[in-house]
Structure formats: structure tokens, C-alpha cells
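Hi,

Here is the structure I promised to pass on. Have a look at it first, and then read on for what turned up.

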Amino acid sequence: MFPRFDWQAALTRGSLVLTVLSALAAPALAAPCGNDGSGFSAWLGDFRKAAAAQGISPRALAALDGVQYDTSVIRLDRNQRHFSVSFEEFIAKRVSAGRISQGKAKLKQHADLLARIEARYGVPGPVLVAIWGMETDYGANQGKKPVFQSLATLAYDCRRSEFFTGQLLDALRILQHGDLSVGEMRGAWAGELGQTQFMPTSYVRFAVDFDGNGRADLIRSPADVLASTANYLRGYGWSGKSWENGANAGALAGWNKAGVYQKAIAYFATKLAN
């Protein structure tokens with residue numbers, strides 16, 4: 001699982017569009033944000049009322065029962081560092097020979113699925129498998145933090161309250177829609193979910209039920225994971241088959257703002273395709 005670089009700059013992968021959408025979705029709360037846990041209970045009670053007013057059901061809101069202010073999440077948020085390693089250093093850690101070998105096996109294993117996804121969304125399989133490998137080692141390292149506790153903590157915290165309030169609402173919508181259960185909603189420390197690490201707003205916007213079982217499951221369904229990732233890239237303007245020599249740079253920037261990460265995806269995809 002790849003650590004995020006700078007939530008201050010719209011959560012690295014989050015674009016200005018998603019930031020604005022989350023801000024618009026966030027309800028105005030009477031209880032103020034805070035920089036310690038002293039006002040968290042009052043804030044959470046106010047959030048529950050505002051979420052209910054936006055159509056979140058009592059059953060979904062029960063996911064917030066027992067949620068507490070998580071100081072470990074705040075420490076992780078405060079201790080982020082700008083990514084400064086060279087491309088060579090980055091790929092040495094993130095695009096290893098073992099990961100390439102496993103990725104090639106995934107390409108063969110899911111060849112028919114990837115062909116159907118490319119036909120639907122236009123994104124080639126090597127790009128999707130490269131992202132899958134770089135984000136979570138093909139689903140092996142999705143994160144274990146309870147998403148609702150992480151998002152509630154960050155929504156209450158004053159640094160990015162508006163953004164994360166929108167993300168918390170969308171996490172509740174994922175639950176209410178039935179895509180995931182509360183127990184399944186565990187991920188990275190800032191609320192990313194699934195095998196390619198979608199923020200909840202991206203999940204709501206781009207996740208698709210490609211395996212046809214009635215829910216978009218980015219935790220366990222490779223079909224949903226890969227198709228949703230393709231849908232995400234298409235949503236950011238992916239077109240054509242090429243990812244090399246700067247092709248589709250805008251779509252890759254929509255996935256991750258860090259230039260070294262975008263370059264690594266293209267490098268990885270080329271290694272998988274050869």
C-alpha cells in the first residue's frame with residue numbers, strides 16, 4: 001500500500017473536482033471542529049443529525065456507534081512528508097522483479113476479464129494491473145484501520161474538516177447502498193478502501209458492479225476492482241491505448257498527483273506488457 005503524499009493538496013489522488021464535490025456534499029454543522037478530542041462527542045452527535053437530514057438511514061448511522069477520536073490517525077496526518085526520492089529509488093522499492101512477475105501472472109489469469117474491461121472503458125490491462133500492484137500488492141495490503149473511525153476523526157479535525165466530512169458521508173452511503181458491510185470497511189489510515197485504494201467519494205462516483213452480483217465490491221472482487229479503476233481513469237479523460245511518452249498523463253495525474261508515481265505506473269505497465 002502506497003502512502004499518501006500531501007492531503008493539504010487535495011489528498012494527492014483527489015482532484016480539485018472531487019474536493020469541490022465533497023465540500024458541496026458536506027453538511028453545515030453547528031458543533032465546531034477541534035484540534036484535540038475534547039469536542040469530538042458533541043461534533044459527532046451534530047454530524048449524525050445533519051447526515052440523517054441528508055437521507056442517511058438510522059441503520060447506516062449505527063456504523064458510528066462507539067467511534068472515538070483516534071489520536072494515531074492525527075499523528076499520521078501531521079507526520080506526512082513530501083515525496084522527494086528519485087524515480088530510480090522509487091521504482092527500486094515499488095516496481096520490484098517479484099511484483100513484475102506476479103503482475104504478468106495476473107495479466108494471464110485475468111486476460112478475458114481485462115479484455116472485456118478494455119472494450120468497455122478503453123483502459124489497457126497492463127495499466128490497471130500496474131496500479132493494482134503498486135497500490136496494495138494485488139490486494140494483499142489494503143489496510144486494517146476502521147474507516148468510520150478514521151474519517152470521523154479527520155472530519156472533526158479542523159485541518160481538513162470540510163473535505164473529510166464529505167468523505168464520511170459518502171462512506172455511509174456506500175454502507176447504506178449495500179456495497180460493503182461495516183466490518184468490510186477497513187482500509188488505510190485516511191479512509192482509502194479496497195484493492196486500488198479509493199477514497200469514499202471516488203467509490204461512490206466510479207465504483208461499478210462488473211461481476212454482476214448486485215454490489216460494487218472493491219475489497220474482494222477483482223472484476224469490480226479493475227473495472228472501477230478503469231472507470232476512474234476514463235472519468236479523468238483516458239483515451240486510446242497508449243500510456244507511454246506522456247500519453248494519458250492527465251488521466252494518470254487524476255489518479256495520483258505525484259509525477260514520480262505517474263511515471264512509475266507507465267514504467268510498470270510497459271514492463272508488464274513486454
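Which residue follows helix 10, and is its phi positive or negative? It is Gly 178, and its phi is positive, near 95 degrees. Before you go further, keep in mind that this is a predicted model.

Since we are at helix 10 anyway, a few words on the helix itself. Helix 10 covers residues 161-177, which makes 17 residues. From first C-alpha to last, helix 10 reaches 24 Å, close to the 24 Å expected at 1.5 Å a residue. Helix 10 is also mostly covered, with 13 of its 17 residues buried.

Now to the aromatic rings. There are 17 aromatic pairs in the structure. One of them is Phe 198 with Trp 255, an edge-to-face pair with 5.8 Å from centre to centre and 70 degrees between the planes. Why does this pair tie together separate parts of the chain? Phe 198 sits in the loop between strand 2 (186-187) and helix 11 (200-206), while Trp 255 belongs to helix 13 (residues 249-255), so the parts being tied together are 57 residues apart in sequence. Phe 198 has 0% relative accessibility and therefore counts as buried. Trp 255 is buried too, at 0% relative accessibility.

Another pair to look up is Phe 206 with Tyr 232. Their ring centres are 4.8 Å apart and the planes make an angle of 45 degrees, so this pair is tilted. Here, too, distant parts of the chain are linked: Phe 206 is in helix 11 and Tyr 232 in helix 12 (residues 222-235), 26 residues apart. Phe 206 is buried, with a relative accessible area of 5%, and Tyr 232 is buried at 0%.

Besides the pairs, you can find one aromatic cluster formed by Phe 40, Trp 43, Phe 47, Tyr 69 and Tyr 156. And if you turn to Phe 87, you will see Lys 263 lying over the face of its ring, 4.4 Å from the ring centre.

Next, the charged side chains. The structure holds twelve salt bridges. In one of them, the side chains of Asp 77 and Arg 78 meet at 2.6 Å, N to O. Asp 77 is buried, with a relative accessible area of 4%, whereas Arg 78 is partly exposed at 38%.

Arg 215 and Glu 184 form another salt bridge, with the closest N and O atoms 3.4 Å apart. This one links distant parts of the chain: Arg 215 is in the loop between helix 11 and helix 12, Glu 184 is in the loop between helix 10 and strand 2, and the two are 31 residues apart. Arg 215 counts as partly exposed at 22% relative accessibility, while Glu 184 is buried at 17%.

Asp 217 has a salt bridge as well, with Arg 220, and the closest N and O atoms there are 3.4 Å apart. Asp 217 is buried, its relative accessible area being 4%. Salt bridges can also share partners: Asp 77, Arg 78, Asp 157 and Arg 159 are joined into one network that way.

One last stop is His 110, in the loop between helix 6 (97-109) and helix 7 (111-121). Is His 110 buried or exposed? At 12% relative accessibility, His 110 counts as buried. Setting aside neighbours within four places in sequence, His 110 is in contact with Trp 132 and Pro 222.

Cheers

Key: Residues numbered from 1 in each chain as written. Predicted model: local features only at pLDDT ≥ 70, side-chain atom pairs only at ≥ 80, totals over all residues. Heavy atoms only, no water. Phe/Tyr/Trp six-rings, centres within 6.5 Å; stacked < 30°, edge-to-face > 60°. Helix = DSSP H or I, 4+ residues; strand = E, 2+ residues; numbered from the N terminus. Buried < 20%, exposed > 50% of the residue type's maximum accessible area, 1.4 Å probe, protein only. Lys NZ or Arg CZ within 6 Å of the ring centre and 35° of its normal. Expected span 1.5 Å × (residues − 1). Contact = heavy atoms within 4.5 Å. Salt bridge = Lys/Arg side-chain N within 4 Å of Asp/Glu carboxyl O.
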